[in-house]
Amino acid sequence: MRTVLIVGAGGSRAQAASYRPQRTLGHPPLDGDFFQKSTQLAKSLPVVARRVRDLRNVLSRNPAIYDPWDLASITMEQFFADIYYAVAATPRALPLAISAFTETVRLYSQVLAETTNWVSILPRQGDLDKLVRYELRQSSPLTIITFNHDLIIESVAAKLPSRDGQWCLGSLYGDVGLTNLRWTGGRLHPLHEPDCRDQPPFTILKLHGSLNWFMRSPTATPPVSTLFPTHGTRAIFVSNRADIAMDTRLRRITPGRGRPTWYTWPLVVPPIYDKQRITGMGLLQAVWDQANAAIMKAERLVLFGYSLPDADVLSKQLLRTAVRRNRSLNCIDCI
């Protein structure tokens with residue numbers, strides 16, 4: 001049976017809760033509680049406190065953008081959308097708006113790192129592992145579509161029975177044209193080698209990018225062309241680290257040529273309505289095309305912890321059109 005498993009933020013939260021049900025501070029945030037979670041984490045984690053302080057400092061100098069901590073009911077989706085439109089629609093406020101946007105992405109990435117890295121490196125099985133292993137016994141092939149930027153599903157693949165040389169990150173991500181960015185030391189996922197057979201246990205299609213996918217930037221604060229890449233092709237690097245790496249500098253990606261130092265910027269599609277400005281780039285379009293083809297052929301569709309948020313207009317359209325054109329779909333399960 002062909003199965004497509006769609007995993008949202010609730011899937012990552014469930015994985016964390018299955019390990020530490022009582023220690024909720026370390027559970028990944030959801031859209032609705034992101035700012036409350038960042039406030040709680042800032043009390044014990046200086047790096048999160050610094051990210052919160054940097055963002056609030058930028059916001060205090062830009063009266064066109066509100067402070068989300070002053071509004072108890074604001075969600076991350078709403079704030080990201082509002083700050084995006086401040087970048088897109090107010091040219092005179094552009095420098096501060098860009099700074100606010102980049103600091104928001106940095107805070108978002110840091111909070112995800114602090115709340116999911118520990119989940120990604122645990123060797124024992126959690127609830128998401130058990131679900132995926134169940135689906136692998138029932139399904140051939142299994143495609144996992146996710147809107148998450150964390151690396152928890154990659155760790156699920158790494159914990160399956162040893163298949164050294166059978167797969168690499170490139171094949172796990174559907175061979176969409178990522179360029180290897182190799183690290184040494186620590187817990188690592190396999191990158192492509194000459195003897196790799198490119199036969200992953202399942203395929204992960206990350207429709208909104210990933211925090212281990214990077215673009216190069218000549219400066220620590222990236223230009224607009226990097227924040228919102230155009231439809232043109234550009235190199236997207238995939239890191240083999242099993243955890244989310246923050247503030248990474250690169251020393252000569254191509255040895256002996258070009259700029260001696262590059263900064264990296266994660267390829268993540270924030271929860272904004274105008275996602276096609278980013279998803280239209282070549283690599284992400286290839287991911288979306290594979291997702292569309294997988295849903296159209298699926299015999300079973302499973303949604304785990306995904307709430308179809310308002311800003312996911314493109315995702316709703318994808319599901320609506322692909323399901324309507326599917327002649328093989330027998331059931332849809334919601335968890």
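**Spaces inside the model**

Visitor: Hi! How many cavities of 30 Å³ or more are there in this one?
Guide: Hello! This is a predicted model, and the count comes to 1 cavity of 30 Å³ or more.

Visitor: What's its volume?
Guide: The largest cavity has a volume of about 70 Å³.

Visitor: Which residues are closest to the centre of that cavity?
Guide: Look for L227, W265, P266, V268 and P270. They belong to a set of 12 residues that line the largest cavity.

Visitor: And which element gives the most to that lining?
Guide: That would be strand 8, with 4 residues. You can find strand 8 at 261–268. Helix 5 and helix 9 (224–227) also give two or more residues each.

Visitor: How does the cavity lining divide into nonpolar, polar and charged?
Guide: There are 11 nonpolar residues and 1 polar residue, with no charged ones.

Visitor: OK, switching to pockets. How much space lies in the largest one?
Guide: About 570 Å³.

Visitor: How many residues line the largest pocket, and which lie nearest its centre?
Guide: The lining has 27 residues, and A9, D31, Y108, F147 and N148 lie nearest the centre.

Visitor: Which elements give two or more residues there?
Guide: Helix 1 (9–19), helix 4 (76–89) and helix 5 (94–120) do. The largest share, 3 residues, comes from helix 1.

Technical notes. Residues are numbered from 1 along each chain as its sequence is written. This is a predicted model: local features need pLDDT of at least 70, side-chain atom pairs count only at pLDDT 80 or more; totals for chains, interfaces and linings use all residues. Side-chain values use heavy atoms; hydrogens and water are left out. On a 1 Å grid over the protein atoms alone, a cavity is a set of points where a 1.4 Å probe fits but cannot get out, and a pocket is an open set with protein on both sides within 12 Å along at least five of seven lines; lining residues have an atom within 4 Å of a point. Grid points are joined across faces, edges and corners, and a volume is the space filled by probe spheres set on the points. Ala, Val, Leu, Ile, Met, Phe, Trp, Tyr, Cys and Pro count as nonpolar, Asp, Glu, Lys and Arg as charged, and the others, Gly among them, as polar.
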